[in-house]
Amino acid sequence: MAVKDPTAVERANLLNMAKLSIKGLIESALSFGRTLDSDYPPLQQFFVVMEHCLKHGLKVRKSFLSYNKTIWGPLELVEKLYPEAEEISASVRDLPGLKTPLGRARAWLRLALMQKKMADYLRCLIIQRDLLSEFYEYHALLMEEEGAVIVGLLVGLNVIDANLCVKGEDLDSQVGVIDFSMYLKNEEDIGSKERNVQIAAILDQKNYVEELNRQLNSTVSSLHARVDSLEKSNTKLIEELAIAKNNIIKLQEENHQLRSENTLILMKTQHHIEVTKVDVEAELQTYKHSRQGLDEMYNEARRQLREESQLRQDIENELMVQVSMKHEIELAMKLLEKDIHEKQDTLIGLRQQLDEVKAINIEMYQKLQVSEDSRKEKNEIIGRLEDKTNQITATMKQLEQRLQQTEKAQMEAETEDEKFKQECLSKSESLQKEISRKEKQLVQLETDLKIEKEWRQTLEDDLQKEKETSSHLRVETQQIICLKKEFLKLHDKNRQLKKMCHDQEAALQELACKLSESKLKIEDIKEANKALQGQVWLKDREATHCKLCEKEFSLSKRKHHCRNCGEIFCNACSDNELPLPSSPKPVRVCDSCHAFLIQRCSSNMP
């Protein structure tokens with residue numbers, strides 16, 4: 001026999017355990033018939049099983065102190081995939097008693113069950129396999145098909161109502177151990193369950209009969225109410241029928257009155273047509289005057305647009321000149337800054353040289369003081385020796401040679417001192433001259449720097465003025481753009497007015513044509529009525545054949561009588577039709593006199 005994959009066996013065991021746990025929880029909750037709380041044993045076992053399912057194949061993450069393996073990471077990822085889960089994640093983070101990630105994960109599962117959205121949250125999680133791969137191994141339960149099956153089973157938990165207190169419960173230190181005794185069955189449990197099933201079936205039948213009786217009572221009461229309403233509606237209909245008969249009689253009387261009034265209205269409409277024709281001519285004259293004024297306004301606006309465009313072109317040219325001047329000023333400023341930096345460097349070098357000269361002068365002065373001190377000491381020694389020569393005359397002869405040598409050394413020292421003093425004086429004079437010259441150069445450089453600063457200040461002022469003028473020109477260009485937009489709006493409005501004027505002219509022309517046509521038709525009708533007076537139609541029995549085709553009349557060849565000439569034609573010969581504005585259908589016309597034809601329906605027609 002082939003050895004099975006241990007990870008596949010683990011997944012199958014967890015899936016079967018999840019099926020048993022969810023099935024037992026749903027059955028026990030439905031038989032319990034109330035809202036579940038935290039102490040309900042099947043609910044606790046369900047959370048333990050879900051915790052084991054989520055921990056399967058979880059990767060070990062390294063932390064600073066130890067290795068960490070928790071399910072809070074993937075559950076925390078749900079709020080990024082499902083925006084409605086942000087509230088539950090924030091509530092879990094704000095709980096004060098939770099200290100470990102495992103406790104937060106347990107609280108998250110309880111809140112998701114209370115919201116009845118655990119299946120939706122986990123479905124969003126298992127769809128994103130690339131994100132789950134950061135937390136789970138490739139053979140984990142959620143990474144395989146078993147995860148989708150468990151999510152489908154979790155949908156059935158939406159029928160359960162749970163009220164769980166998460167705030168005061170110690171979720172960090174709970175030990176998740178599966179109690180298999182809840183899912184193992186014995187014979188007594190089987191017998192009690194069979195009795196419970198029979199009792200439940202009897203109770204279901206009783207509830208069904210009661211519900212059916214309640215529905216029948218409601219239908220009987222509704223039928224009684226419907227019968228009462230039908231009786232009331234029947235009496236109302238009888239009353240309305242009598243009222244309708246009275247209304248028909250009144251309407252017939254009103255019909256006779258309206259026919260008499262119709263003739264009066266016809267005369268009034270003819271008079272009104274003449275009045276409206278005069279009004280239309282007056283409106284046409286006023287429209288022509290208004291159109292002339294609009295043309296003048298359009299020409300004036302066009303002239304203003306031409307002037308504004310020329311002004312804008314001038315401003316743009318001036319702006320280009322100002323921009324070029326600005327670039328030149330910026331270039332001059334850069335060169336000036338470079339020259340100022342060079343002069344500042346030379347000034348710093350001169351100051352360093354001046355400090356060195358001062359240090360040399362101080363050193364020479366110190367040497368001069370030392371030489372003077374040595375000369376004074378030598379003079380003192382000479383005075384002492386003279387005193388000794390006066391006091392010691394006996395030893396004078398013996399020490400004469402030594403005295404001559406000392407005198408010679410003294411003379412040499414004095415000459416050396418004089419030479420050294422002269423050299424120091426010449427050097428100090430030259431240094432004084434150099435210092436005065438350097439000071440003059442320093443004063444000259446300071447004056448140049450001051451002039452450069454003043455020039456820079458003037459250039460900055462000019463640059464600021466140029467910026468102000470450029471901003472002013474920008475504002476003016478914006479105003480010109482606004483004026484252009486207004487002009488375009490006026491132009492569009494003018495075009496719309498022209499279009500409206502053209503449409504009104506076309507409508508007036510059509511109205512005039514229709515009025516002329518209607519007037520001609522009215523005159524034709526009047527002439528036809530005058531010609532019809534005194535004419536007598538042939539009897540139906542006498543008119544048996546058509547005047548033109550000389551064929552006998554039948555159901556397909558109907559009779560049409562001319563009002564003017566009194567001739568009778570069939571419908572095949574009288575094909576000429578004339579459209580009338582007052583009639584929705586065209587009217588047939590006689591071929592000989594072009595008068596209206598009337599279809600004869602019976603022999604009793606006049």
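1. Glu-316 and Arg-312 sit four residues apart in helix 10, about one turn of the helix (helices are DSSP runs of H or I, at least four residues, numbered from the N terminus). Their side chains form a salt bridge, with the closest N and O atoms 3.2 Å apart; the term means a side-chain nitrogen of Lys or Arg within 4 Å of a carboxyl oxygen of Asp or Glu. Glu-316 counts as partly exposed because its relative accessibility is 31% (buried is under 20% relative accessible area, exposed over 50%, partly exposed in between, with a 1.4 Å probe and protein chains only).

2. A word on the model, which is predicted: local features need pLDDT of at least 70, side-chain atom pairs count only at pLDDT 80 or more, and totals for chains, interfaces and linings use all residues. Residues are numbered from 1 along each chain as its sequence is written, and side-chain values use heavy atoms, leaving out hydrogens and water.

3. Do look at Arg-456 and Glu-337, another salt bridge, with closest N and O atoms 3.2 Å apart. This pair links distant parts of the chain, with Arg-456 in helix 11 and Glu-337 in helix 10, 119 residues apart.

4. Glu-51 and Arg-106 also form a salt bridge, at 3.0 Å between the closest N and O atoms. Glu-51 belongs to helix 2 (residues 41–55) and Arg-106 to helix 6 (residues 101–115).

5. In total, the count comes to 15 salt bridges.

Technical notes
Helix = DSSP H or I, 4+ residues; strand = E, 2+ residues; numbered from the N terminus.
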